[in-house]
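Subject: A structure to look through, with notes

Dear colleague,

I am passing on a structure for you to look through, and my notes on it follow below. Please keep the model open beside the text as you read.

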Amino acid sequence: MGSSWSADMENQGVIPCVMDEMFSRIDAATNTDFTVKVSFVEIHKEEVRDLLWTNAAAPRPVVTIRELPSGVSLAGASERSVNSREDMSHVLMQGTLMRAVASTNMNSRSSRSHAIFTITLEQRRRQLVRPASAPPAVDYTPGGTAITRAGSPDSTDTDTSEEEEEEEIEGGDEYLIAKMHLVDLAGSERAKRTGAQGARLKEAININKGLLALAKVITALVENQSHVPYRDSKLTRLLQDSLGGNSRTVMIACVSPADINREESLNTLRYADRARRIKNKPVVNRDPIAAQLSALRQQIANLRAENSALKNALGGDAAAVAVFATRGQTVASEALQEAYDDLAVRCNALEVENARQNMELDQAHNELKLLRSGLLHAETERDQVMLRMEALQQALAASSDEAVKAALQQDAAAASAAAA
């Protein structure tokens, strides 16, 4: 997978290759602003732990799974902004050092958790709308015969191309966002072969439980069942968008060629084959208002190109103007101008509405951040009070002095009231 990759290693894994490809494309892109953020969590004993938490003096925040209209989100998990491959590599190595690993009979550094490295890529690019294609120039003879002519490198065509370049319309900002979950699944374990005991055995049980829940979800998606058991495990809840949502999913299976591992290899291949049968139809995450604005701008650009072609066809030719006048072609030109004016008015109105909605969206995002921060703070305080109340209850049960018991009862009642 490459989550334990370092710069001095010769062979790269999936994650380093993704970093190379992504930043090479970002460097090659033009007229586009990119924002890259990463988070790194692990699921250890069915608990989500933030691997990027660096404040050892403060208690580790509780990471909870929230389902929002935009998808599944992690409340309380750290998210780092990165500007280069080196920044992302540093974050990856920092999180890898925090992962839960232990020694078993089969692996000296066995992963005891499922790790999820999430890359959020936001791009805002400026668009220029150009006419789809300019219609051919038309000459009209005094008798009314239309002769279509190809472009020639004379002064008229040069002026036309310059006019078209000047009439390019700014398409506004197009905002796209995408998430990439790179998941390092811990391998299924058999206690007889790994020799796991005590805490290692409990970790193996939770690992197998998460993999079993993932297999059930994959089977339900492949068979188009009405109910998909995403909530059976925190692993499947986190990967809900990646499995059955607006996404593309790839599974890479690691197998062993040894005869002693034949049964495990076959089970792994069957597992991956079921995942391969999931059929999703992802679409680009575009703002519908921005898409409508882009279509209107394209239509305006096409109308301007047609107007330019008509002006060039009629320029300085009195006979051609007379032909158009006698045939009522000026009515069509007026209708074309009215349609253009109407589209321009609609486009301006949509731009104003888009700006207003963007402002409201920014305000809503800020309010949501404040609410999330307040909720996380309240949940942290509640957990601390609950822990204090449990400690008081244990001390109350162990104490034999009546005065001490009365004092502990009062403290426990106050803690219970604070928790409520």
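Two aromatic rings, from Phe, Tyr or the six-membered ring of Trp, are said to pair if their centres lie within 6.5 Å. Please bear in mind throughout that this is a predicted model. With that definition in hand, the structure holds 1 aromatic pair. The rings of Phe 40 and Phe 117 have their centres 5.2 Å apart and their planes at 85°, and because planes over 60 degrees apart count as edge-to-face, this pair is edge-to-face. Phe 40 belongs to strand β1 (residues 32–44), whereas Phe 117 belongs to strand β8 (residues 114–129), so the pair ties together parts that are 77 residues apart in sequence.

For the protein as a whole, the secondary structure comes to 12 helices and 11 strands, and buried residues make up 31% of its 420 residues. Of the contacts with a separation of 6 or more, 70% are accounted for by residues 24 or more positions apart.

Two packed helices are described by the angle between their axes and the distance between those axes, and I have noted two such cases.

The way in which α1 passes α2 is a right-handed crossing. On the α1 side the contact is made by Ile 15, Pro 16, Met 19, Asp 20, Met 22 and Phe 23, which meet Arg 85, Met 88, Ser 89 and Leu 92 in α2. Sorted by class, the contact of α1 with α2 has 7 nonpolar, 1 polar and 2 charged residues.

In the second case, the axes of helix α5 (residues 199–222) and helix α8 (residues 262–276) come within 9 Å and cross at roughly 40°, which makes α5 oblique to α8. Here α5 passes α8 in a left-handed crossing. Leu 211, Leu 214, Ala 215, Ile 218, Thr 219 and Val 222 in α5 meet Tyr 271, Arg 274 and Ala 275 in α8, and the residues of this contact divide into 7 nonpolar, 1 polar and 1 charged.

How values were computed
Residues numbered from 1 in each chain as written. Predicted model: local features only at pLDDT ≥ 70, side-chain atom pairs only at ≥ 80, totals over all residues. Heavy atoms only, no water. Phe/Tyr/Trp six-rings, centres within 6.5 Å; stacked < 30°, edge-to-face > 60°. Helix = DSSP H or I, 4+ residues; strand = E, 2+ residues; numbered from the N terminus. Axes fitted to C-alpha atoms, helices over the stretch in contact; angles between N-to-C directions. Parallel < 35°, antiparallel > 145°, perpendicular 65-115°, else oblique. Left-handed = near helix turned anticlockwise from the far one by under 90°. Contact = heavy atoms within 4.5 Å. Nonpolar A, V, L, I, M, F, W, Y, C, P; charged D, E, K, R; others polar. Buried < 20%, exposed > 50% of the residue type's maximum accessible area, 1.4 Å probe, protein only.
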